[in-house]
Amino acid sequence: MENSPYYEEMLSGKNKVKAFMLRQESVETTTLMGPTSSAKSTITTELLPPVSNMLLSKNVGDTAQTTLIPTLLMLNSRFCENEVLIQCIPRNKSAYPDLLENLKTVITDSLYEVRDELYDFSINEVIIKKILNPVNRSYHAYQFAKEQELTQRLTELLNDACQTIIEMPEPLLKAAESLYKQLRLKDQTAKKKEAYEHLVDERLSNDKDFLDNLLSWYKILINMILADLQPLWTYETEYTLLDDISDSSPATQLMEKLYGSSSACSLVFEEVRYATSPSKDFKKAYLDRNAAYPGRTVKINILDTVGLTQSSQDREIISDNIDKILNRKSNALLFLCASDEQPSVYETCISLLLEKNKKLENKPVTICRTKADIVIRNKMINNWRKDTGRNAIPLDSPEYERYVTEAFDSFLDEYINNPSLGEEQIGKEVGGHKIEYLSLAPDLSATMDKHLNGELSPTRIFDILLNIAEQVDIIYAGGYSRPWLQSKDLIHYPLNVICTAQPLSKTIALALTAKDSQNGNQYKQYIKSADAIYHGRSVNCFRNKLSYGEGHETRAFVYADFRLYITNMVARWLREVIPVNDLINNLSISFDYLYNSGLTDEVKSQFPSRFKDLLQDNWWNIIERMAKKLSYDCLSKEFEEAFYFCSWSDGFRESLKVIQQKFSSVEYWQKNIIDLLKSEANDLLQKMYIFD
């Protein structure tokens with residue numbers, strides 16, 4: 001590894017990795033979001049040097065990215081081009097209930113398909129593959145499990161379980177016919193398959209030996225995934241690798257394992273952080289933009305997410321995917337959609353963003369139509385064909401410039417300059433156009449670009465991202481560029497939050513338990529409904545949506561209904577019981593670690609009042625994020641485990657009992673409320689400056 005002073009500092013121990021992450025945390029994070037094949041991953045290739053492009057290209061398939069794990073690209077020009085830091089963030093929530101959900105669905109489908117010949121039923125490789133590579137692409141583990149010789153054991157477990165399902169306590173066919181008649185009495189539109197779904201869920205859930213063995217099998221799978229990666233880590237407990245990139249380096253091996261089409265790593269990790277140098281061109285664009293601030297270096301984070309239409313173009317699924325992405329930490333959104341995407345997909349995404357605009361009101365949002373060159377070229381050729389009857393315009397034609405210019409102007413009028421779906425209302429204005437465009441295939445658009453004076457250059461992405469960064473500065477620095485500050489100790493922020501609200505925490509906790517006692521029937525009513533049967537898909541929708549702060553309600557006929565908006569309920573309680581001004585007055589800034597510089601006096605005089613103003617301005621969002629964490633993150637382990645050994649109906653009730661047990665506890669609220677508030681305040685404070 002080259003002798004970079006910055007890298008020597010980092011490699012002296014894992015604390016230096018922590019120090020780097022603290023410094024990089026303070027810079028803006030822009031989320032890339034959009035339908036599959038919108039060129040989200042391709043955009044990052046303009047920002048990276050060639051050696052990193054080779055690694056991250058493993059995430060770009062023929063039609064979509066291959067990994068199911070979002071990537072946080074952390075660009076820092078103090079790295080050399082071949083230096084990389086890769087850190088994997090473990091999942092906050094276990095994927096086991098997702099596996100269990102898909103397993104029950106596949107088994108139901110398989111048994112129902114051969115319902116008249118169940119005597120001959122056995123688990124085959126096709127069924128195992130469907131279980132381990134679900135259609136919704138929530139994970140793909142089949143190839144890895146097969147290579148590790150785990151599929152045979154799963155086959156044996158399922159064959160035994162399916163024989164029990166088929167035979168006991170009475171033949172499945174007979175029981176399903178009887179249940180189907182009962183369901184038809186409730187609703188004439190009931191389907192026979194619904195009877196099979198209920199019986200498979202019930203009988204599997206009563207097979208305790210199978211569930212014990214399945215959980216053990218799953219834990220072995222997880223341990224094997226981690227063991228496969230273990231030799232590659234520089235710091236195993238942090239899942240962090242520091243390396244020079246080469247053909248056979250650990251960095252190359254790790255990215256192949258993370259991004260391979262058969263990777264099972266999404267079962268254990270929820271994010272990959274990839275830190276390295278920016279490309280030379282992006283570095284130059286950054287320095288040119290910041291010429292008034294000599295000494296600054298490139299620092300920027302880009303979150304590359306999984307495509308919104310990766311598994312389906314259904315509006316509800318796109319909506320859920322947007323909610324998941326908006327739940328991630330980020331300061332700005334760059335929504336990308338290919339110019340040649342189906343209009344209905346673009347319109348669906350824009351209408352959903354408008355519906356969720358409350359979550360974006362304090363974030364800069366830019367909409368970008370990618371693959372502009374494809375549409376421009378098509379317009380140019382179509383016009384040429386209409387005028388000449390020929391299918392291709394010669395590159396040396398004296399008419400070429402006129403046709404490409406007219407096509408470009410037509411593209412701008414149709415896609416960029418005349419927003420008609422309410423795009424300009426989404427999020428904060430970035431400065432310039434709300435809708436931008438990009439061409440990312442210079443080998444195909446070079447001739448057009450020459451006649452358009454560089455308008456189709458892929459480096460337009462530099463200006464788009466730097467405009468967003470400037471807008472983030474304006475939000476957090478009161479209209480100015482955020483100051484760059486240093487710390488006396490690199491494993492501590494220069495500025496830290498002091499919270500003296502502990503005496504208030506008991507009062508708030510008592511008020512929240514009272515709220516639960518008085519107003520908690522929204523969820524408690526379903527705990528009492530012991531005989532009600534809830535549909536498995538509905539229960540899983542509730543479980544998944546709660547994990548990213550959303551509610552769910554059903555309109556069933558055969559099954560019992562529920563309406564649960566627990567995060568909204570908790571947010572309402574918090575707004576009602578927290579004395580906002582008192583709490584904000586109990587938050588202040590410590591300057592103990594601030595390294596003295598020419599900015600010190602200015603920071604000390606201006607930051608305290610600006611900090612409190614930002615807390616006031618962002619209070620709604622702070623409450624929403626705290627409510628989400630209090631209704632899921634702080635109790636997620638017990639909540640998810642409630643589903644391990646129950647039918648979906650019983651698991652639903654057990655999970656609500658977990659919530660009741662936590663919400664009725666003064667200790668639960670008191671333990672978490674101040675820590676969460678301090679964490680939210682700290683996140684805000686760290687964005688008021690850049691930790692250099």
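Which residues does Ile 566 touch, not counting residues up to four places away in sequence? Select Ile 566 and look for Gln 522, Tyr 523, Phe 542, Leu 546, Ser 631, Leu 656, Ile 659 and Phe 663; contact means heavy atoms within 4.5 Å.

This is a predicted model, in which local features need pLDDT of at least 70 and side-chain atom pairs count only at pLDDT 80 or more, while totals for chains, interfaces and linings use all residues. Residues are numbered from 1 along each chain as its sequence is written, and side-chain values use heavy atoms, with hydrogens and water left out.

Next, select Ile 107 and Phe 663 along with Ile 566: of the 177 residues in the largest nonpolar core, these three touch the most other members. Such a core is a set of buried Ala, Val, Leu, Ile, Met, Phe, Trp, Tyr and Cys residues joined through side-chain atoms within 4.5 Å; buried means under 20% relative accessible area (1.4 Å probe, protein chains only).

Now select residues 502-519, helix 20, and residues 566-577, helix 23. Helices are DSSP runs (H or I, at least four residues), numbered from the N terminus. The two pack at an angle of about 130 degrees, with axes 10 Å apart; axes are lines fitted to C-alpha atoms over the stretch in contact, and angles run from 0 to 180 degrees between N-to-C directions. In helix 20, Ile 508 and Leu 512 are among the residues meeting helix 23, whose side of the contact includes Met 569 and Trp 573.

Finally, go to Ala 251 in helix 12 (residues 250-259). Ala 251 counts as buried because its relative accessibility is 0%. Leaving aside neighbours within four places in sequence, Ala 251 is in contact with Leu 55, Val 84, Ile 86, Leu 241 and Asp 243. The C-alpha atoms of Ala 251 and Leu 241 are 7.2 Å apart.

Terms used: Buried means under 20% relative accessible area, exposed over 50%, partly exposed in between (1.4 Å probe, protein chains only).
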